[in-house]
Amino acid sequence: MEVLKQIQIILYFLIILFLFPIFFIFLLIPLSILREFVKICTKFAGLKEAQIIEGTNSTFAVDKIYTSPTSNLLVSLYLDGETDLDLFKSRFISNVIEKQKPCGKLQYPELRKYVKEFMGYSFWILSETFNSSNHFKLYKTDEIIDEAALEKLRDKILLKPWPAKQPLWEFIMIENFQRQQQIGVNVEESCEKQKQTPVLLFNAHHSLLDGYSILTILVEEMGNLDLDKVIAKPAISLRKLDNRKQNFNFGNFCKILSFSLSILYGFSKDLTEKVNVNSWNKFNHNDSITRYYAFDDTISMKYIRKISRSYRVSFTSVLLACVCGGIRRGMELNSEAVPDFIDCCLVLPAMENSKMLKNHLTFGFVRLPIGDDDPMRKLLEIEFRLQKLKNSIFPMLYFYMFNFVGHLPRWLINKISMANPILARATTSLINFPGPNEIWKINTTAIHSLKVQVGPMTRTGLLYSCHTYNGRVFLAAALNSQIKNSEKISENIIKFFQEELDLLI
């Protein structure tokens with residue numbers, strides 16, 4: 001079987017190698033010329049400060065932003081006490097919206113712009129009616145809002161269409177939120193503090209930013225913390241070609257040729273991977289599908305690191321082992337056949353330039369041995385596969401592929417996303433982004449905890465989103481409603497994750 005697979009990879013490689021020059025001459029060059037022509041046309045069309053949306057941001061900009069968005073990002077910041085929204089607004093305007101580069105241009109001009117389609121491409125267009133005050137809202141109600149009511153509110157916000165010709169971000173302050181857990185040394189003091197615990201929601205569209213961009217503007221610009229010092233390094237660093245000016249010689253030519261051939265070979269190899277068909281693989285593009293969310297903020301990083309050190313595996317491998325075991329338990333709850341393996345799409349921070357509002361991400365696939373009922377053996381197998389991914393060319397391949405697709409016309413991006421044989425492999429996804437490892441404040445008020453949600457854009461059956469902050473792991477799970485008994489499973493999916501974690505201690 002391995003010999004046949006190698007033959008298949010080589011055949012794919014030779015076919016791609018043969019087709020690439022034709023592809024380059026008859027598709028890439030014309031599309032590049034068309035793209036430049038469209039950019040020139042914006043000047044004659046009267047589009048004010050039109051800026052074509054680049055790379056990965058463009059792949060999210062094809063979303064139905066102003067009618068039924070599926071790619072919103074929502075961050076809930078639970079504060080330890082009261083804070084002044086007006087003070088926060090004034091600081092955000094001066095520190096972020098009006099911040100300038102050394103050359104005098106705005107650091108984050110996209111915060112004043114909206115998305116517009118022009119001649120088949122997505123552009124940032126300056127909003128002539130932009131008023132920063134409209135993006136800071138106070139949610140008013142006479143009732144005390146508990147966690148259940150807040151979850152319903154977040155679900156509405158995630159699916160809410162954006163106002164026409166307005167920038168794609170907003171802050172919403174909820175003042176009368178009652179935290180479920182107790183704070184303080186006695187019940188009386190605890191209840192008093194619960195009534196005065198506000199929550200600040202930051203809602204934005206994925207075409208504007210990602211997790212690292214959010215950390216940049218909220219933690220570094222507003223929290224006065226240095227990101228390089230307070231967050232962990234990315235799990236996988238992209239190897240980049242040396243861009244420094246140097247003489248073109250035979251050695252450099254060989255490096256570029258070797259890099260290009262390895263990219264094409266990696267793509268050929270990925271096309272041969274078999275799609276794992278199972279009851280939880282829900283690769284579709286139906287925007288009407290709902291998702292059931294579950295959250296947890298009780299897991300200590302020390303707990304996971306203890307497991308990590310005991311087995312000499314990475315933090316991410318422990319998370320993947322719990323994801324794998326949790327899905328197995330869900331399948332068994334449904335009396336469904338458990339396959340030998342499933343593929344997990346691991347979203348990875350690339351951090352090409354964290355000082356810009358862009359998507360700094362790539363992804364890779366890790367095969368999870370879900371059919372193995374031994375938790376420790378499963379963990380070690382996952383670590384082996386994760387290290388293999390780290391040392392492979394695939395994260396870099398997908399990074400450049402993601403950026404390439406983002407430079408195509410909108411209709412072509414949609415076609416590719418709807419019929420993508422590579423993404424169809426994944427049954428589950430894991431987003432694992434590090435947050436600050438120390439207390440982070442809004443104005444002078446400490447943030448107690450946070451929750452991060454993404455809209456129903458993901459094409460997998462189950463999405464896990466893991467963020468760390470101040471020694472704790474904040475976990476969110478989003479389950480596709482097409483999965484059997486999805487509502488019941490969503491109530492237990494976090495518990496399944498924790499039970500797998502306990503088995504590894």
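Predicted model: local features only at pLDDT ≥ 70, side-chain atom pairs only at ≥ 80, totals over all residues.

**Salt bridges and a sheet**

Tutor: Start with Arg410 and Glu117, whose side chains form a salt bridge at 3.4 Å, N to O. A salt bridge here is a side-chain nitrogen of Lys or Arg within 4 Å of a carboxyl oxygen of Asp or Glu.

Student: Where do Arg410 and Glu117 lie?

Tutor: Arg410 is in helix α13 (residues 410-418) and Glu117 in strand β3 (residues 113-118), so the pair ties together parts 293 residues apart in sequence. Helices (H or I, at least four residues) and strands (E, at least two) are DSSP runs, numbered from the N terminus.

Student: Is Arg410 buried or exposed?

Tutor: Arg410 is buried, at 14% relative accessibility. Glu117 is partly exposed, at 48%. Buried means under 20% relative accessible area, exposed over 50%, partly exposed in between (1.4 Å probe, protein chains only).

Student: How many salt bridges does the structure hold?

Tutor: It holds 17. Asp343 and Arg425 form one of them, at 3.7 Å, N to O. Both Asp343 and Arg425 are buried. There is also a salt-bridge network linking Arg329, Lys378, Glu499 and Glu500.

Student: What about Asp63, which is buried yet has no salt bridge? What is the nearest side chain of opposite charge?

Tutor: Lys64, 7.6 Å away. Lys and Arg count as positive, Asp and Glu as negative; His and the chain ends are not counted.

Student: Which side chain does Asp63 make a polar contact with?

Tutor: His205, at 2.9 Å. A polar contact is a pair of N or O atoms within 3.5 Å; within protein, one must be able to donate a hydrogen and the other to accept it, and residues adjacent in sequence count only if both atoms are side-chain atoms.

Student: Now the sheet. What is the strand order?

Tutor: The open sheet of 6 strands runs β5-β6-β7-β2-β13-β12, with mixed pairing. Two strands pair if DSSP finds at least two bridges between them.

Student: Which strands stand at the edges?

Tutor: β5 (136-139) and β12 (441-442). Each has a single partner strand, so one side of each is left without a neighbour in the sheet. β5 runs parallel to β6 (residues 169-177), joined by 4 bridges.

Conventions. Residues numbered from 1 in each chain as written. Heavy atoms only, no water.
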